[in-house]
Amino acid sequence: MNKEQRLRDPIHGLIRFSSTPKDQLLWALINTREFQRLRRIKQLGLSDLVYPGATHSRFAHSVGTLECARQILNALVFTHQIKKLDPQQELATLCAALLHDIGHGPFSHTFETIEDEQTIQKSHEYWTSTIIENPTTEVHRCLEQYRKGLSKEVIELILADPGTDIYSCIISSQFDADRLDYLVRDRYMSGIDFGHFDVHWLLDSLTVKDIIVETQGDILTKKGLVLSEKGYRAAEVYLMARFLLYTSVYLHKTTRSAEKMLTALLRKAAFWIRQKKTSKTGLPTQHPLAQYFKTKTPELETYLALDDSIVWGALSFFSLSGDPFIATMATRLLNRNLYKCVDIGKRLKDSDTQLKLKFKQILKNHQSHFQEGDEVCLFIDEPKASGYTWYDWDSQNALKKIFISDPEKGENIDIGDHSKLVQSLKQESFYRIYVSNSEKKQFVESLWTELASKQTHENK
């Protein structure tokens, strides 16, 4: 008889895996080589350059997401919202929660940007489904040995049109197991002391109700997750926490500077590798990065050889590159000598669209000032953050809304349409300029000051 297994987690405490076949499958999946690779991929990429404690892995987050999916399912049963879980769908949901991030590459979204630019166009979702469906992987064999066709069920849950049913909402919605884990875990590991929300109260507020939506011209009634009235304020705090994490951690200006630098370095390295001049990069020919970038259609095994340690370890090779740009970028990243930020977005109002465009044109006209060798060493960063996404009722994403039960009206309301707090989180746009040194930063500042002064004068 298989014995119970346990993992000690800083967020969820002891995560237990019983001797039942279902839990033993989940434990077997955790011990596959593809899942163990996630130990070597950090959840927050380069954020530990700002928050030294944020070194937690995709492995920890994925196990935490599984635990959150369990908690959601258990809460629905405990509060009698579901009389009995469908065993087949329950297992597929738990497997999907555990494996949802298994396709992430090193430094996650930073690496995905390079893939897009190199026209590889294989997102982490693509690699996730490939790992699960490929007969050569341990993950695939575990799933298929348990039940034939289970791997397909798991892929369908991860990649399916969102909001298909209750189970798919647990995997992908604005109140899913993924977010419930990373919002708590990332806040805790970053060491920030804001962004708290009451997970247990939200779970206790979960109900299952009929929701009327329009899909492909059909008016359908579907079972969906709805928070009871008592969960309204807790849901507001939950969305506020997400917004604060995005603006303060995920999009921190220093983290974004490092991401821009690493992206530029890998872009240039990939260029030389594609030109069959790998020696220019400083990398050995057989280095996993060199093997990956040499083709637009890399094999799964080539991708699985990559992780954060491979990329970070490559910086020592890059620092000896014959390309001055690659060598400089690598050395600066190793020593945390990051590009300087000029945050223009903080000085713009929503109505200043034309002013922003004028400044972009001015920067373009002065591009030669930022030329260093063959590269223009000026990076533009324009991310956006919102606390909540509004979906139309006739959208296939309609069930991704956060619904609150309104007993007086006898209907389910979209929290985004009724909460002034949530509406205030609609969107924040950033516009930042990154340059290589203080002198160039002062130059950008002077360009902005001159434009702003001229604009003020014209408006008088």
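## The largest pocket

The largest pocket holds about 1,200 Å³ of space. Keep in mind, as we look around, that this is a predicted model. The lining of the largest pocket is made up of 46 residues, and those nearest its centre are Arg-58, His-104, His-109, His-124 and Tyr-246. Sorted by class, the lining has 17 polar, 15 charged and 14 nonpolar residues.

Which elements supply at least two residues each to this lining? On the helical side there are H3 (58-78), H5 (109-117), H6 (124-133), H10 (177-190), H12 (232-250) and H13 (253-274), and strand S8 (378-381) joins them.

Next comes the second largest pocket, with about 460 Å³ of space. It is lined by 18 residues, and Gly-345, Lys-346, Leu-348, Ser-429 and Phe-430 are the closest to its centre. Two or more residues of this lining come from helix H18 (353-365), and strand S12 (428-429) likewise gives two or more.

By class, the lining of the second largest pocket has nine charged, six polar and three nonpolar residues.

## The nonpolar cores

Let us turn to the cores. In soluble globular proteins, nonpolar side chains tend to be buried together. Here the largest nonpolar core has 127 residues, and Leu-99, Leu-289 and Phe-318 have the most contacts inside it. Leu-99 is worth a look in the viewer. Leaving aside residues up to four places away in sequence, Leu-99 touches Leu-29, Phe-35, Thr-128, Ile-132, Val-139, Leu-143, Val-154 and Ile-158.

There is also a second, separate core of 16 residues, with Val-342, Leu-363, Tyr-431 and Val-444 among them.

Asp-9 sits in strand S1, which covers residues 5-9. Is Asp-9 buried or exposed? Its relative accessibility is 10%, and because buried means under 20%, Asp-9 counts as buried.

What does the side chain of Asp-9 reach? At 2.8 Å lies the backbone nitrogen of His-12. Beyond residues up to four places away in sequence, Asp-9 touches Ile-15, Ala-60 and Arg-185.

Definitions and conventions:
Residues numbered from 1 in each chain as written. Predicted model: local features only at pLDDT ≥ 70, side-chain atom pairs only at ≥ 80, totals over all residues. Heavy atoms only, no water. Helix = DSSP H or I, 4+ residues; strand = E, 2+ residues; numbered from the N terminus. Buried < 20%, exposed > 50% of the residue type's maximum accessible area, 1.4 Å probe, protein only. Polar contact = N/O pair within 3.5 Å; in protein donor to acceptor, adjacent residues only side chain to side chain. Contact = heavy atoms within 4.5 Å. 1 Å grid on protein atoms, 1.4 Å probe; cavity = no way out; pocket = protein on both sides within 12 Å on 5 of 7 lines; lining within 4 Å. Points joined across faces, edges and corners; volume = space filled by probe spheres on them. Nonpolar A, V, L, I, M, F, W, Y, C, P; charged D, E, K, R; others polar. Core = buried A, V, L, I, M, F, W, Y, C linked by side-chain atoms within 4.5 Å.
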